[in-house]
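Work through the exercises below with the sequence and the coordinates at hand, and try each task before reading its solution.

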Amino acid sequence: MGKYPPAAVHNPPPMDAKRALIALTVVGGLFRFGTLDLQSYWLDEAATVELVTLDLSGMLHRVPDSESSPPLYYVLAWLWTQVFGSGEVGLRSLSALFGTASIPVAYAAAAELCSRRVGLIVAALAAVSPVLVWYSQEARAYSLLILLGGLSLWSFARLLNRPSGTAAAAWAVSSALALATHYFAAFLVLPEAVWLAAVPAARRRALPAQACVAATAAALLPLALHQRSLGLATFIADESLALRLARAAKGFLLGFESPLEVALTVLASAVAGIAALAGVRLARRAGDRGVRKAAVIGGAAVAVPLLLALVDVDYFDTRNLLAAWLPLMVVVGGGLAAHRIGLAGLAVLCAAGLASVVGVALEPTWQRDDWRGMAEALGPADAPRVLVVQPASGRRPLGVYLDELSPLPDRGRRVAELASVYPVRRGMGGAHPAPPPRGGAAPLAGFSLGRPRLSDTYSIFPQRAPAPQPIAPVQARGLVLVAGEPFAVLLQRP
């Protein structure tokens with residue numbers, strides 16, 4: 001493996017690197033574990049809660065028809081909740097654990113590809129990465145994808161540098177498990193497999209490992225085709241591909257929301273772009289193959305889904321590209337490590353990441369939809385209550401927090417209380433969300449307006465009647481707060 005010029009890069013002694021890595025892992029763990037209960041479950045997490053509260057066989061039976069990903073994460077989450085429960089902290093702590101473990105794995109992969117110095121730079125970026133922190137606090141498969149993708153990249157580099165049966169087995173296991181976590185892991189694993197096949201020194205060791213990974217992919221193919229036929233992720237293609245590409249680039253650096261968003265996006269993009277170019281130039285000038293490998297693999301993990309999107313196999317979205325984060329940051333880290341001024345660039349990127357992480361923690365409207373807050377504001381029902389919820393998909397997360405919630409029957413129900421419910425919602429474009437509606441619907445016949453419950457994150461407009469009145473779903477349309485948006489009419493039983 002090519003080395004960085006000694007005058008350009010100082011490789012810290014192993015003990016100093018170990019201490020720095022421990023400190024970065026602790027800091028990253030605090031960001032991930034420290035605010036696990038700050039945000040409510042949102043729609044996709046509610047789907048996870050519904051699955052892990054079933055018995056194991058029931059969950060495995062339902063995953064193929066309710067999800068767009070393989071079952072590994074859900075099995076691990078089910079086992080985890082048997083000990084820690086399905087509350088926000090209990091369930092999300094599994095993702096936080098995966099996310100924290102990803103920091104030393106990022107170091108190991110970057111160090112094996114390049115140097116300990118690059119490894120520490122990439123670990124620092126991982127510790128405060130807004131997008132990695134976000135998905136480390138989400139009860140979904142993405143944090144596990146990042147961890148297993150990192151292990152695949154590390155074992156790939158080790159197999160090339162020091163071919164051995166152990167390294168080949170590590171690559172086979174981590175790559176197969178990554179595929180069993182998320183289908184987009186294939187866009188990381190496939191270029192690794194091609195590279196291994198092209199290097200004579202590693203080819204013999206890698207062949208059985210490649211066969212294992214290929215067998216895993218073949219076993220998952222029928223499930224992938226079935227889940228694709230359900231069309232559960234077709235909404236991704238509703239938005240401009242160019243906008244999604246730009247948002248992914250911004251998201252890899254600053255996450256989804258940030259203070260001083262335009263200025264920090266320009267600054268972080270400039271620093272990361274210059275660093276990436278410096279890393280590529282270094283690879284060409286000094287023959288450093290580690291940065292070159294990372295650039296090819298990370299580039300392929302983005303470019304192949306992008307090309308597929310152009311031929312109408314379109315699932316191009318920031319969260320589906322997360323396996324590419326580590327190899328791309330190795331390229332950035334290689335450029336930052338190549339010059340002394342790179343430490344200033346690292347400080348800028350870490351400061352921008354910290355600003356986003358802290359900003360999201362402090363600004364409720366930048367967080368996930370506040371269904372827990374709405375459920376607490378509504379409180380338990382003393383008598384049957386009708387809720388008109390927008391968006392219609394809010395039925396699932398609201399149902400996590402409110403017992404006895406079901407669709408209002410077509411024949412209706414006599415109730416004395418109604419409520420229109422609407423959260424702060426971030427648009428597909430990712431812009432800072434607008435406030436929720438502040439004006440309620442006109443009262444239905446026999447009802448009068450109650451005191452609105454308004455917060456930064458939701459609006460609730462109740463109506464009450466002196467005696468129960470018959471309400472059918474068609475009448476509840478008059479309670480819709482935003483015309484043209486889907487809504488659900490729900491009955492909350494006492």
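The expected span of a helix is 1.5 Å times one less than its number of residues, and helices (H or I, at least four residues) and strands (E, at least two) are DSSP runs, numbered from the N terminus. This is a predicted model, in which local features need pLDDT of at least 70, side-chain atom pairs count only at pLDDT 80 or more, and totals for chains, interfaces and linings use all residues. Residues are numbered from 1 along each chain as its sequence is written, and side-chain values use heavy atoms, with hydrogens and water left out.

**Exercise 1.** Compare the reach of helix α15 with its expected span, and determine how many of its residues are buried.

Solution. Helix α15 runs over residues 325-337, which is 13 residues. From first to last C-alpha it reaches 18 Å, close to the expected 18 Å. Buried means under 20% relative accessible area, exposed over 50%, and partly exposed in between (1.4 Å probe, protein chains only). By that criterion 12 of the 13 residues of α15 are buried, so the helix is largely enclosed by the rest of the structure; among them are Trp 325, Pro 327 and Met 329.

**Exercise 2.** Identify what covers the buried residues of helix α17.

Solution. In α17 (residues 371-378), 6 of the 8 residues are buried, including Trp 371, Arg 372 and Leu 378. Their cover includes α5 (88-113), α18 (395-401) and β3 (413-423), where contact means heavy atoms within 4.5 Å. Just after α17, Gly 379 takes a positive phi of about 70°.

**Exercise 3.** Is Val 194 buried or exposed?

Solution. Val 194, which lies in helix α10 (residues 186-198), is exposed, with a relative accessible area of 52%.
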